[in-house]
Amino acid sequence: MALITPRTPAGTMELLPRRQIAFQRMLDTIRRNYERFGFIPLETPVFEVADVLLSKSGGETEKQVYFVQSTGAIEQGHKPDLAMRFDLTVPTARYVAQHERDLAFPFRRYQMQRVYRGERAQKGRYREFYQCDIDVIGKDSLPVAYDAEMPAVIYSVFTELDVGPFQINFNNRKILLGMFEALGVIDPGIRTLVLRQVDKLDKLSRDEVLALLTGEGIALSAGQAASVLDMIGFSGPAADTLAHLDRLGLDNALFREGLDELAQVVAALKAFGVPETHWRVNLAIARGLDYYTGTVYETFLTDHPSLGSVCSGGRYENLAGLYTKSKLPGVGISIGLTRLFYALEQAGIVQDGDSSVQALVTQFDPALLADYLAMGAELRAAGVNTEIYLSPDKPAKQFKYADKAGIRFAVIMGGDEKARGEVTVKDMIAGGQAGVRREALATTLAWIIDQKRLPAEGEAV
């Protein structure tokens, strides 16, 4: 029988153990910060009823959906009635509408799960990937102060992730839409095209974007295009940006509403204690998704601009309008962790994580196996993640195993050590070893792990 070549499907991420530990710790960091701000966990099924999931999609989205069908249904000629989620927003909308009577509003949820898209697999783009989302969903209304909370969460997350300097950019779409109304740009399709070109201001010069806005397909007048860029092209501290917008004197209610909301977000963000070195009002941030109606966010790693936005989101007027008559406004952000992890890995920022196993109890004498098992139990009871080497291999092989597995501390006891009532703790990374009284092993090793070093000779532990 010919062997089957082991391989992973294209567009999936599969990591070696210590790299997986690094990924898992990023997940844990994000989760910990989400919970720190009072968000509660939500999980939804990996697949949804197809007509519920695809109620608002169609077009390109539907072409990227993976459908789920049993072999029996295929044999009977049935069309698939289940589809795998392509983001976490639609399942959340379904969930909130379905459980609306049982939820406390504002509903603050975080969701960290895999999603699936049938895109063409390529480096940095995946068919299966983790999204880490938070949303605050209100009933009938939701104060603008929640819009300021999102950058505060982003700041907390990325500070603890320790991936280098970053900046949170935000804007308000009402400012852009109000500007369009004031300039007489009414066609929604043209507005979408303008915003799409405006998004390129960080890559193209003003003249190049001006040519796109006045060219075929958009055809703004020179005056309209210049007005758009005069407003959006401004850059400076938040107070100066707000003053710039106010000086424009646009007589449009939607514009003034957006400016007022933006000013509220700036004031609240300062009260949250987020330093302005890590955020700025960026009038070119538009966010293309149709359901964003107010504040929008993009986050960039300062030293790695080519990565693009690593965390984005915004305010929407009605999350679940397709599933309930209730008005459910909200605001949220999303971190595409799989893509981010890949990009950080390629940039050399992410390295293998330290093993989650903190100590390896080695087996130097098979006759002492019961002692090794007892030591392992004591260490675990003291909160030390402990593995016991259960094969009677030579010490060199056991040490080689600890080294390759990334286990820093090895616990050694042979017949002579037992007779003296001692064990030896060996540091596999820094080198060196220390004798420890057997009865004090658990407390001493816990101290060693906390200090990340062996005690000096004569040092009290």
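Visitor: How many salt bridges does the structure hold?
Guide: The structure, which is a predicted model, holds 23 salt bridges.

Visitor: Which residue forms a salt bridge with Asp147?
Guide: Asp147 is paired with Arg315, and the closest N and O atoms lie 2.7 Å apart.

Visitor: And where are the two residues of that pair?
Guide: Asp147 belongs to helix α6 (residues 145–161), while Arg315 belongs to strand β10 (residues 311–316). The pair links distant parts of the chain, 168 residues apart.

Visitor: Are Asp147 and Arg315 buried or exposed?
Guide: Asp147 and Arg315 are both buried.

Visitor: Let us move on to Arg438. What does Arg438 form a salt bridge with?
Guide: The partner of Arg438 is Glu378, with 2.9 Å between the closest N and O atoms. This pair also links distant parts of the chain, 60 residues apart. Arg438 sits in the loop between β16 (433–437) and α17 (441–451), and Glu378 in helix α14 (residues 369–381).

Visitor: Why is Glu378 classed as partly exposed?
Guide: Glu378 has a relative accessible area of 35%.

Visitor: What about Glu459; which residue does it form a salt bridge with?
Guide: Glu459 forms one with Arg453, the closest N and O atoms being 2.8 Å apart. Glu459 is partly exposed at 30% relative accessibility, and Arg453 is partly exposed with a relative accessible area of 32%.

Visitor: Which residues are linked in a network of salt bridges?
Guide: Arg19, Glu345 and Asp352 are linked in such a network.

Visitor: A change of topic: where is Tyr389 found?
Guide: Tyr389 lies in the loop between β13 (386–388) and α15 (395–405).

Visitor: Is Tyr389 buried or exposed, and why?
Guide: Tyr389 is buried, because its relative accessible area of 11% is under the 20% limit.

Visitor: What is Tyr389 in contact with, leaving aside its neighbours within four places in sequence?
Guide: With those neighbours set aside, Tyr389 is in contact with Leu360, Val361, Thr362, Gln363, Lys397, Gln398 and Tyr401.

Visitor: Which side chain does a polar contact join to that of Tyr389?
Guide: The side chain of Asp393 is joined to that of Tyr389 by a polar contact of 2.6 Å.

Visitor: One last point: what separates the C-alpha atoms of Tyr389 and Leu369?
Guide: A distance of 9.7 Å separates these C-alpha atoms, and the two residues are 20 residues apart along the chain.

Terms used
Residues numbered from 1 in each chain as written. Predicted model: local features only at pLDDT ≥ 70, side-chain atom pairs only at ≥ 80, totals over all residues. Heavy atoms only, no water. Helix = DSSP H or I, 4+ residues; strand = E, 2+ residues; numbered from the N terminus. Buried < 20%, exposed > 50% of the residue type's maximum accessible area, 1.4 Å probe, protein only. Contact = heavy atoms within 4.5 Å. Polar contact = N/O pair within 3.5 Å; in protein donor to acceptor, adjacent residues only side chain to side chain. Salt bridge = Lys/Arg side-chain N within 4 Å of Asp/Glu carboxyl O.
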